Amino acid sequence: MNMEDKQEFTPSSQQCEQSFYSILGCDQDATFDELKHNYQILVKKHHPDKQTQEGIDFISDDKFVMIDKAFKTLKDEKARKEYDASLLHGSFDNSSLIYAEIEKKDLNFVMGVFYFTCRCGDNIEITEDIIEEGECIVECSECTNCILIK
Ligand SMILES: [Zn+2]
């Protein structure tokens with residue numbers, strides 16, 4: 001890494017890719033003890049004081065801040081719940097909750113409206129103008145499932 005890279009290095013773009021859980025190397029259902037255990041190992045490994053080689057300080061410093069932030073959020077039950085909720089919201093955007101991929105011809109068509117029966121038993125209503133737009137994602141109003149219509 002040269003000096004120019006150092007100055008332009010912005011951690012923010014990477015921060016939003018990584019969840020606090022992945023920073024701590026834990027699953028989302030990890031217990032407090034697991035989080036704490038991993039946190040302590042990571043802190044030892046990445047603590048700025050432990051790094052003396054030139055060039056590594058900068059990255060380690062940033063990494064340490066993220067590890068610290070992750071643990072401080074997840075160790076607090078209330079903050080963790082809020083964080084989990086925000087993760088859930090985020091995962092909706094990248095479509096990881098998609099339960100089924102449906103072709104238009106597989107939808108039930110009744111009285112000008114398309115329907116798909118969700119696994120929760122509810123009928124997801126899909127209007128024709130949504131389908132006209134091509135590939136689209138529709139969320140069930142009863143549960144959090146999404147279907148992708150092609
Ligand atoms: Zn549903």
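**View 1. The hairpin formed by β5 and β6.** In this predicted model, in which local features need pLDDT of at least 70, side-chain atom pairs count only at pLDDT 80 or more, and totals for chains, interfaces and linings use all residues, strands β5 and β6 form a hairpin with six residues between them. Residues are numbered from 1 along each chain as its sequence is written. Strand β5 covers residues 136–139 and β6 covers residues 146–149, and the two pair in the antiparallel sense over four bridges; strands here are DSSP runs of E with at least two residues, helices are runs of H or I with at least four residues, and both are numbered from the N terminus, while two strands count as paired if DSSP finds at least two bridges between them. Within this pairing, Ile137 stands opposite Leu148 in β6.

**View 2. The open sheet of β2, β3 and β4.** Three strands make up an open sheet in the order β2-β3-β4, with antiparallel pairing. Because β2 (108–110) and β4 (123–126) stand at the edges and each has a single partner strand, one side of each is left without a neighbour in the sheet. From one strand to the next the twist averages 35 degrees, where axes are lines fitted to C-alpha atoms (for helices over the stretch in contact) and angles run from 0 to 180 degrees between N-to-C directions. Strand β3, residues 113–117, runs antiparallel to β2 and is joined to β2 by three bridges, and Asn108 has Tyr115 in β3 as its bridge partner.

**View 3. Helix α4 and its two faces.** Helix α4, residues 32–46, has 15 residues and reaches 20 Å from its first C-alpha to its last, close to the 21 Å expected at 1.5 Å a residue, the expected span being 1.5 Å times one less than the number of residues. Leu35, Tyr39, Leu42 and His46 are buried in α4, a residue being buried if 20 or more other C-beta atoms, placed from the backbone, lie within 10 Å of its own, exposed if 12 or fewer do, and partly exposed in between. Seen down the axis of α4, the buried residues fall within an arc of 75 degrees, so they line one face of the helix; the arc is that of the directions from the helix axis to the C-beta atoms. Asp33, Gln40 and Lys44 are exposed residues carried on the face of α4 turned away from its buried side.
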